[in-house]
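Open the model in your viewer and keep the sequence panel beside it. The stops below say what to select next and what is there.

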Amino acid sequence: MEKIISVVKLMAKTGLFFANVDGQYHRAEKRYIDNFLSGLNQIGSLDAELHQEVLSSLQRKFTFDEIVSETEALVSGFTDKERTAILHSIKGFINQVIRSDSRVDNAEQEAYKQWKQAFHLN
């Protein structure tokens, strides 16, 4: 369960980073991340304390290097198969976040490209 919690926290932080990379935290991007967290609440994956911890982490800005470093640290604790699945899930989540405001800024596109390169993903 602890690993799942770590993945949830990382996805929220990663979503926040990509939502802000163009300099604007658009309402649609915020709503997408909020809906992600709400969905987890509905299936019982987030207790109130964890939900609050994730929300409070969303009050700060993260750097690209922090996101990559935290992702590397997190996935190092998984098997290769699990690592691949987690990275593809995060990749899909990032893609949804940056597209949620119906436009993909050049800065978002470049950061997404760099993130995928950091993890050898297409």
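**Stop 1**

Select histidine 120. Its relative accessible area is 73%, and because exposed means over 50%, histidine 120 counts as exposed. Histidine 120 sits in the segment that follows α6. Its phi is near 55°, a positive value in a residue that is not glycine. In general, most residues other than glycine have a negative phi. Keep in mind throughout that this is a predicted model.

**Stop 2: the whole protein**

Zoom out and colour by secondary structure. The protein has six helices and zero strands. Read from the N terminus, the order of elements is α-α-α-α-α-α. Of the 122 residues in the protein, 41% are buried. Now consider contacts between residues at least 6 apart in sequence: 77% of them join residues at least 24 apart.

**Stop 3: confidence**

Colour by pLDDT. The average for the protein is 86, and 85% of the residues score at least 70. Where is confidence lowest, and where is it highest? The lowest is in helix α3, residues 48-57, with a mean of 68. The highest is in helix α6, residues 106-118, at 96. Where pLDDT is low, the predicted coordinates should not be read in detail.

**Stop 4: α1 against α5**

Select residues 2-20, which form helix α1, and residues 80-99, which form helix α5. These two helices, α1 and α5, pack at an angle of about 35°, and their axes are 9 Å apart. The crossing of α1 and α5 is right-handed. To see the contact, show the side chains of Val7, Leu10, Met11, Thr14, Gly15, Phe18 and Ala19 on α1. On α5, show Ile86, Ser89, Ile90, Phe93, Ile94, Val97 and Ile98. By class, the contact of α1 with α5 has eleven nonpolar residues, three polar ones and no charged ones.

Stay on α1 and select serine 6, which lies in this helix. Is serine 6 buried, partly exposed or exposed? With 28% relative accessibility, serine 6 counts as partly exposed. Draw a distance from serine 6 to glutamate 70: the C-alpha atoms are 9.7 Å apart, although 64 residues separate the two in sequence.

On α5, select histidine 88. Histidine 88 is partly exposed, with a relative accessible area of 40%. Its C-alpha atom is 8.1 Å from that of leucine 121, which is 33 residues away along the chain.

**Stop 5: two loop residues**

Move to the loop between α5 and α6 and select serine 102. The phi of serine 102 is near 65°, again a positive value in a residue other than glycine. Serine 102 has 71% relative accessibility and counts as exposed.

Then go to the loop between α3 and α4 and select threonine 63. Threonine 63 is partly exposed, at a relative accessible area of 41%. A C-alpha to C-alpha distance from threonine 63 to phenylalanine 18 gives 9.7 Å, for residues 45 apart in sequence.

**Stop 6: α4 against α6**

Select residues 64-75, helix α4, together with α6. The two pack at an angle of about 30°, with 11 Å between their axes. Angles under 35 degrees count as roughly parallel, so α4 and α6 are roughly parallel to each other. Their crossing is right-handed. Which residues make the contact? On α4 they are Phe64, Ile67, Val68 and Thr71, and on α6 they are Ala111, Gln114, Trp115 and Ala118. Six of the residues in the contact of α4 with α6 are nonpolar, two are polar and none is charged.

**Stop 7: valine 68**

Finish on one residue of α4, valine 68. Its relative accessibility is 10%; because buried means under 20%, valine 68 counts as buried. Which residues does valine 68 contact, leaving aside its neighbours within four places in sequence? They are Trp115, Ala118 and Phe119.

Key
Residues are numbered from 1 along each chain as its sequence is written. This is a predicted model: local features need pLDDT of at least 70, side-chain atom pairs count only at pLDDT 80 or more; totals for chains, interfaces and linings use all residues. Side-chain values use heavy atoms; hydrogens and water are left out. Helices (H or I, at least four residues) and strands (E, at least two) are DSSP runs, numbered from the N terminus. Buried means under 20% relative accessible area, exposed over 50%, partly exposed in between (1.4 Å probe, protein chains only). pLDDT is the predictor's confidence in each residue, from 0 to 100. Axes are lines fitted to C-alpha atoms, for helices over the stretch in contact, and angles run from 0 to 180 degrees between N-to-C directions. Angles under 35 degrees count as roughly parallel, over 145 as roughly antiparallel, 65 to 115 as roughly perpendicular and the rest as oblique. A crossing is left-handed if the near helix is turned anticlockwise from the far one by less than a right angle, and right-handed if clockwise. Contact means heavy atoms within 4.5 Å. Ala, Val, Leu, Ile, Met, Phe, Trp, Tyr, Cys and Pro count as nonpolar, Asp, Glu, Lys and Arg as charged, and the others, Gly among them, as polar.
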